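Q: Please take a close look at the surroundings of the ligand in this model. Which parts of the protein form its shell, and which side chains make polar contacts with it?

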Amino acid sequence: MKIAPSLLSADFANLQHDIEMINNSEADYLHLDVMDGVFVPNISFGFPVMKAVQKYSTKPLDVHLMIVNPQNYVSQVRDCGAEIMNVHQEACTHLHRTVQAIRAAGMKPAVTLNPATPVVMLEDIIEEVDMVLLMSVNPGFGGQSFIQNTIKKISRLRELIDKASNKPLIEVDGGVNNQTAPLLKEAGADILVAGSYVFSAPDPAQAILTIKNC
Ligand code: DX5
Ligand code: ZN
């Protein structure tokens with residue numbers, strides 16, 4: 001299992017310390033949650049903070065944009081060193097164009113679905129994306145409870161991918177912990193995002209390892 005710790009639950013007054021912990025852990029990516037207070041009812045951090053993070057992170061950056069009009073920020077996300085740029089299907093009127101722009105900018109395009117958005121919304125974009133991110137909580141906050149329906153949704157997404165010639169990775173975000181991770185693995189997830197489970201643990205690097213070995 002690949003793991004992407006979310007910096008949202010880190011100590012924002014001591015980011016360098018927490019980034020170095022992730023650098024020295026078995027994490028596969030560093031997940032960055034950008035919120036605009038419009039698409040989601042919360043505001044997190046933006047480009048100046050991500051640029052600072054880029055200076056210290058040795059892990060590839062997995063940027064999750066919970067913002068309206070993400071197509072307007074493709075080059076800024078690229079300039080922050082993102083490897084993966086996640087945009088919400090619900091935020092993109094011209095999703096195909098946005099996905100193309102992300103790839104043209106040299107990043108891996110990923111499409112994110114809210115819990116209430118059905119997998120079928122991806123049917124005509126699945127061949128173009130490198131990853132699908134399924135939200136297993138309503139986006140905007142760390143520390144929420146896992147929505148069980150996500151398990152069935154992963155199976156439906158796996159069926160869609162099986163029929164496609166492109167094979168995007170399946171990432172799941174929200175409420176991931178040592179209890180939900182094995183269920184997600186069994187359902188077919190490839191990458192798990194974990195925020196509060198990692199950063200509230202007495203030994204965060206060990207918590208990362210626990211999920212990785214789930
Ligand atoms: C929520 C964010 C998540 C968040 C997950 O909107 O997209 O990445 O950090 O937090 P936990 O793991 O605490 O549910
Ligand atoms: Zn996220």
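A: Strand 2 gives the largest share of the shell around ligand 1, 3 residues. In this predicted model, strand 2 (30-35), strand 3 (61-66) and strand 8 (191-194) are the elements that give two or more residues to that shell; strands are DSSP runs of E of at least two residues, helices are runs of H or I of at least four, and both are numbered from the N terminus. Local features need pLDDT of at least 70 and side-chain atom pairs pLDDT 80 or more, while totals for chains, interfaces and linings use all residues. Residues are numbered from 1 along each chain, chains are lettered from A and ligands numbered from 1 as written, and side-chain values use heavy atoms, without hydrogens and water.

There are 20 residues around ligand 1, and G140, G143, D173, G195 and S196 come nearest (near: a heavy atom within 4 Å). By class, the shell holds 8 nonpolar, 10 polar and 2 charged residues, with Gly counted as polar and Asp, Glu, Lys and Arg as charged.

A polar side-chain atom of S196 is 2.5 Å from an oxygen atom of ligand 1. For D33, the distance from a side-chain N or O atom to a ligand 1 oxygen is 2.8 Å, and for H31 it is 3.4 Å. Taken alone, ligand 1 exposes 380 Å², and the protein buries 100% of that (Shrake-Rupley method, 1.4 Å probe).

As for the whole protein, it has 8 helices and 8 strands. Its C-alpha trace spans about 45 × 35 × 30 Å along the principal axes.

Terms used:
A polar contact is a pair of N or O atoms within 3.5 Å; within protein, one must be able to donate a hydrogen and the other to accept it, and residues adjacent in sequence count only if both atoms are side-chain atoms.
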